[in-house]
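Here is a short note on the ligand site, the pocket and the cavity. Please read it with the structure open.

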Amino acid sequence: MDLAKFLTDALTEIEQKNLFRRLPELQNIDAGFSRNTYLGNHFGASGSRLISGNHRLYARLEKELSLWKKTAAALIYPTGYMTNLGVISALMNKGDLIILDKLCHASLIDGARLAQADIRVFKHNNSASLEKILRQSRNYKKILVVTESIFSMDGDRTPLLELTTLRRQYGFWLLVDEAHAVGVFGERGEGLAGQLGVNQDIDIQIGTFSKAFDGLGGYVCGSRLLIDYLVNRSRAFIYTTALPQIILQKNLANLKKVQSKKRREKLWKNIACFGARLGVKANSAIIPLLIGDEQKTLALAEKLRDSGFIIPAIRYPTVPRGQARLRLTLSAEQTKRQMDKLLKIILKALK
Ligand SMILES: Cc1ncc(COP(=O)(O)O)c(C=O)c1O
């Protein structure tokens with residue numbers, strides 16, 4: 001089914017019942033009697049966005065996000081986790097089909113479970129496996145394909161061009177979570193979709209302020225219809241308190257930093273240098289050091305901690321059994337000296 005048609009029909013029905021909700025503009029309005037600030041404390045929003053928490057910075061930040069992502073509109077949620085939960089469960093229902101990459105993040109899986117739709121899983125980054133499922137699924141009216149552009153535990157890239165070609169061929173809706181691509185890919189750090197010029201071929205682009213932004217909150221970018229629909233139908237958006245003003249300010253300021261080319265160039269220098277010394281091909285800022293055995297991975301993580309490095313040991317169920325690893329993340333601020341020190345310990349331990 002065409003996404004625009006589905007959204008238009010749903011919004012028309014909501015409007016006809018006089019239930020359409022619009023985000024309120026709160027400038028010069030006394031919202032005091034709609035907040036939950038019982039003791040008169042004023043730090044947070046103390047209200048949901050549809051009631052009293054829609055600070056005007058939201059509109060500014062959402063506008064900036066949509067310009068940056070080249071979409072018509074954007075919507076901010078309190079976290080990236082809630083964005084995935086709220087978006088997927090609002091769009092999909094019993095009788096629909098959600099097809100996820102095998103290594104999708106827990107928030108994407110939980111969103112799919114909450115939707116109560118049928119769930120199928122395709123082999124990691126394997127568009128032939130996805131196509132096989134699509135061929136078997138012609139009876140479904142609504143199909144949503146869900147993936148990440150850069151995978152959180154493996155740091156590898158999804159074959160985005162192949163997926164967008166399949167989308168044109170099969171007409172499914174495509175959701176791409178760019179949590180780990182934002183800041184790292186794209187001329188202005190807008191992510192892998194932007195770098196490959198396929199923003200228009202992705203129906204739903206997800207992101208979070210909690211990675212490259214070093215802030216808090218999640219967001220979804222897409223059509224105006226999609227955002228209007230989510231404002232009216234996404235329970236993880238509607239039934240929760242808005243972000244505090246100070247967080248919105250920080251996210252807005254950090255958007256400028258994320259767009260800075262200088263930092264990204266330094267990051268890629270570090271990625272290239274670190275990857276070469278380790279003897280791996282680094283595809284992103286995430287470098288998984290695959291150890292396999294859980295106990296050995298924990299032992300190496302402990303050794304690194306004793307030398308002053310906290311590198312998390314990632315084990316089942318975050319990754320499949322027997323694929324335990326250390327998950328290293330590189331950044332623009334790491335110095336050569338720091339990287340040399342860490343590499344020395346790792347290379348010695350792996351000998
Ligand atoms: C791919 C992906 N999506 C979503 C999230 C959730 O984002 P947040 O931490 O903002 O809830 C994460 C990580 O936490 C992630 O790795």
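1. A word on classes comes before the counts. Ala, Val, Leu, Ile, Met, Phe, Trp, Tyr, Cys and Pro count as nonpolar; Asp, Glu, Lys and Arg count as charged; the others, Gly among them, count as polar. On that basis the shell around the ligand has 9 polar, 3 charged and 2 nonpolar residues. Keep in mind that this is a predicted model.

2. Who sits around the ligand? The shell has 14 residues, and those that come nearest are G80, D177, H180, T208 and K211. Helix α3, residues 80–91, supplies the largest share of this shell, with 3 residues.

3. On its own, the ligand has 390 Å² of accessible area, and the protein covers 84% of that.

4. Next, the largest pocket. Its space comes to about 790 Å³. The lining has 25 residues, and K211, A212, F213, S331 and A332 are the closest to the pocket centre. Note K211, which is also among the residues that come nearest to the ligand.

5. Which elements give two or more residues to the lining of the largest pocket? They are α10 (245–259), α11 (261–278) and β10 (324–329). Helix α10 gives the most, with 4 residues. By class, the pocket lining divides into 11 nonpolar, 8 charged and 6 polar residues.

6. Why does the largest pocket lie between domain 1 and domain 2? Domain 1 (3–259) and domain 2 (261–350) both give residues to its lining, so the pocket lies between them.

7. The structure holds 1 cavity of 30 Å³ or more. The volume of the largest cavity is about 40 Å³. Its lining is made of R49, Y58, I76, P78, F237, T240, T241, A242 and L243. These divide into 6 nonpolar, 2 polar and 1 charged.

Notes: Residues numbered from 1 in each chain as written. Predicted model: local features only at pLDDT ≥ 70, side-chain atom pairs only at ≥ 80, totals over all residues. Heavy atoms only, no water. 1 Å grid on protein atoms, 1.4 Å probe; cavity = no way out; pocket = protein on both sides within 12 Å on 5 of 7 lines; lining within 4 Å. Points joined across faces, edges and corners; volume = space filled by probe spheres on them. Near = heavy atom within 4 Å. Areas by Shrake-Rupley, 256 points an atom, 1.4 Å probe, with all protein chains shown as cover. Domains from an automatic or database assignment.
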